[in-house]
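Colleague: Hi! I'm new to this one, could you walk me through a few spots?
Modeller: Happy to, let me bring it up.

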Amino acid sequence: MENDNQEQTHQRRVRYEGTHPKSFKEKYKELQPEKYADAVAKVIQKGNTPAGTHRSICVKEIIEFLQITPGQTGLDATLGYGGHTLEMLKCLSSDGHMYATDVDSIELPRTRERLKHLGYGPEILTIKQMNFSDIDQIALESGPLNFVLADLGVSSMQIDNPERGFSFKSEGPLDLRLNPTKGESAADRLKTISQVELEGMLLENSDEPYCVEISRAIVSTIKKGKHIETTTGLQQIISDSLQFIPEKTRDDEIKKSCQRCFQALRIDVNNEFEVLNEFLEKLPATLAEGGRVAILSFHSGEDRLVKKSFKRFLREGLYKEIAPEAIRPSSEERNTNGRARSAKLRWAIKA
Ligand SMILES: C[S@@+](CC[C@H](N)C(=O)[O-])C[C@H]1O[C@@H](n2cnc3c(N)ncnc32)[C@H](O)[C@@H]1O
């Protein structure tokens with residue numbers, strides 16, 4: 001009898017408030033792509049990314065450029081869902097070795113399991129939870145690298161999971177850390193920040209045109225003793241501070257400002273510019289002669305750093321060739337994957 005009850009409970013259909021699953025947790029089919037391939041295919045067909053997964057960007061362009069051959073050694077500096085890693089591993093044809101790093105303590109074990117399940121265990125793939133700014137440590141173990149990929153920023157799994165606090169589209173703790181076990185959350189960061197510092201952060205990290213109004217509103221809220229603990233709480237303050245914008249464009253402007261403010265805070269709490277700089281500085285010394293590196297960036301701040309570093313090392317003779325200009329995903333990819341729209345790919349070849 002007890003067993004029967006358990007069986008019935010188990011089979012009960014998930015009930016949504018509307019006709020379709022909306023919240024992250026309700027999307028139980030998308031969260032199990034192995035079991036519900038049809039449901040996942042439908043989501044992709046609509047140009048969306050199934051919850052709990054990530055669609056790799058510029059895969060064809062990256063694989064074509066890296067020219068991976070069996071026997072080589074390479075690094076995927078940003079493992080994420082493992083989509084790019086998987087394609088690179090296929091090029092090795094079971095001969096050679098790949099290293100992969102990611103700071104994310106939540107998604108990394110899941111990706112490790114998924115890749116192991118696909119036949120890529122430690123004999124061919126070494127996965128380490130570490131910051132790519134420590135690429136020199138990887139090279140000490142791996143020896144000179146024939147190919148390196150960095151696909152910067154955040155994964156769809158991170159953005160879509162409200163508990164990670166990366167998006168204001170649903171309520172969650174205002175965290176924004178790629179590795180939530182380390183450092184300071186965005187909510188804590190805001191508790192002690194001065195208005196001048198916050199204004200500078202919004203301007204430098206995401207060119208926020210309303211940085212003065214928004215930083216004033218945030219700091220004055222906190223000074224009144226009201227801590228901003230949630231994603232939607234921050235969104236509300238940004239929205240309240242921009243009510244002077246003419247009605248015609250207000251909603252659109254507020255949405256864009258929210259996107260830029262969340263990006264600026266994310267860059268800050270994860271020291272994204274500092275670690276990218278360190279990675280770029282160390283990169284040439286880790287590459288084998290003729291070694292190839294590809295970097296995908298998603299906003300102008302990142303792309304500027306990559307471009308500057310590649311150009312400098314080309315001038316200094318450490319790279320023999322670099323991408324003459326940034327490569328954009330094909331129009332088909334941009335149309336079918338919203339998250340590919342801002343991507344820029346640059347590459348360099350070690351002298
Ligand atoms: C865009 S996703 C990568 C997706 C991956 N290429 C794929 O195909 O699934 C970026 C990943 O890089 C990780 N990441 C960002 N900055 C990092 C850093 N400094 N060191 C290591 N990993 C980092 C993030 O945690 C995230 O998982």
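Colleague: Where is Asp 303 placed?
Modeller: Asp 303 sits in helix α14, which covers residues 300–315. Keep in mind that this is a predicted model.

Colleague: Is Asp 303 buried or exposed?
Modeller: Asp 303 is buried, because its relative accessible area is 7%, below the 20% cut-off.

Colleague: And which residues is Asp 303 in contact with, leaving aside neighbours within four places in sequence?
Modeller: Asp 303 then has contacts with Ser 297, Lys 344 and Arg 346.

Colleague: Okay, new topic. How many disulfides does the structure hold?
Modeller: The count is 0 disulfides. Take Cys 261: the nearest cysteine sulfur belongs to Cys 258 and is 6.7 Å away, whereas a disulfide needs the sulfur atoms within 2.5 Å.

Colleague: Is Cys 261 buried or exposed?
Modeller: Cys 261 is at 3% relative accessibility, so it counts as buried. Cys 58 counts as buried too, at 0%.

Colleague: Let's switch to helices. At what angle do α6 and α13 pack?
Modeller: Helix α6 (residues 135–142) and helix α13 (residues 272–286) pack at about 15°, and their axes are 9 Å apart. That angle is why α6 counts as roughly parallel to α13. The crossing of α6 past α13 is right-handed.

Colleague: Which residues make that contact?
Modeller: From α6 there are Ile 135, Asp 136 and Ala 139, and from α13 there are Phe 279, Lys 282, Leu 283 and Thr 286.

Technical notes: Residues are numbered from 1 along each chain as its sequence is written. This is a predicted model: local features need pLDDT of at least 70, side-chain atom pairs count only at pLDDT 80 or more; totals for chains, interfaces and linings use all residues. Side-chain values use heavy atoms; hydrogens and water are left out. Axes are lines fitted to C-alpha atoms, for helices over the stretch in contact, and angles run from 0 to 180 degrees between N-to-C directions. Helices (H or I, at least four residues) and strands (E, at least two) are DSSP runs, numbered from the N terminus. Angles under 35 degrees count as roughly parallel, over 145 as roughly antiparallel, 65 to 115 as roughly perpendicular and the rest as oblique. A crossing is left-handed if the near helix is turned anticlockwise from the far one by less than a right angle, and right-handed if clockwise. Contact means heavy atoms within 4.5 Å. Buried means under 20% relative accessible area, exposed over 50%, partly exposed in between (1.4 Å probe, protein chains only).
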